[in-house]
Amino acid sequence: MKITGLNQDIIWKDKAENFKLIENQFQNQEADLFLLPEMFSTGFCMDAAEVSDKNEESLEFLKKISKEKNTAFCGSASVESGGKFYNRMYFVKPNSEVTFYDKRHLFSFSGEDKIYTPGKERVIVEYLGIRFLLQVCYDLRFPVFSRNNDDYDAILYVANWPEKRVEAWEHLLKARAIENLSYVFGLNRIGTDGNDLFYRESSHCFFADGKEIGEKSGNLVSAELNLEKLKNFRNHFQFLNDRDDFEIKIN
């Protein structure tokens, strides 16, 4: 499976322009799955009442482009549902089947936890035979929540992780791959947001041994996920068999 992510310079609070940018970037690209950053349609914005999707605008865009390109799309958006705001990660298949994950760990340092509602479920979606754990940005700092119970093959992290803390982002992505014997694809945005935070190119894909397998071209980063290679690696290094047993309790 080929995954291609867009190192998107997200245009602050402008959904229409971000949709155009994405379409242009992927116009002549082919992949089985296209990945977009956290809050790809607005930027990581705490003005949820102003920018959040009231009518599933970002989801409808993903369904449209997924159908047109006959491939899956994944990314997160600010969403209002039932009078609450969520940082919602969508996984959209070409047949318009939708799976979503609401970000569990909200970034209290920026006040995200005061505005958005945390998700209550750990979400895994299967596509073309590969099982993906869906995760958003700050989730990366909490390894218990992403612990592999032999129930997924790859983790997808979408983020707005600024340069000033990017060292943690890059090291933790590799750690999650090694400790979970999993592929890890971490997609970050680039550019400067409306809060003057700068994001440098720092998207990566790691194999289960911690080796970088992502290849970069322009604003795109791509990687081939080989399930047979992963299975052989896990059969040889059966570290998951020695993992601790525990139960995650979500309030």
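Is K114 buried or exposed? K114 is exposed, at a relative accessible area of 69%; here buried means under 20%, exposed over 50% and partly exposed in between, with a 1.4 Å probe and protein chains only.

1. A word on the basis: this is a predicted model, where local features need pLDDT of at least 70, side-chain atom pairs count only at pLDDT 80 or more, and totals for chains, interfaces and linings use all residues. Residues are numbered from 1 along each chain as its sequence is written, and side-chain values use heavy atoms, leaving out hydrogens and water.

2. K114 meets D113 in a salt bridge at 3.3 Å, N to O (a side-chain nitrogen of Lys or Arg within 4 Å of a carboxyl oxygen of Asp or Glu). D113 is partly exposed, at 33% relative accessibility. The structure holds 22 salt bridges.

3. K103 and E38 form another such pair, at 3.0 Å from N to O. They sit 65 residues apart, and both K103 and E38 are buried.

4. K13 and D47 also pair, at 2.8 Å from N to O. K13 lies in the loop between β1 and α1 and D47 in the loop between β2 and α2, so the bridge ties together parts 34 residues apart in sequence. (Helices, H or I of at least four residues, and strands, E of at least two, are DSSP runs numbered from the N terminus.) K13, D47 and E50 are linked in a network of salt bridges.

5. In α3, the buried residues include L59, F61 and I65. K67 and E68 are exposed on the other side of α3.
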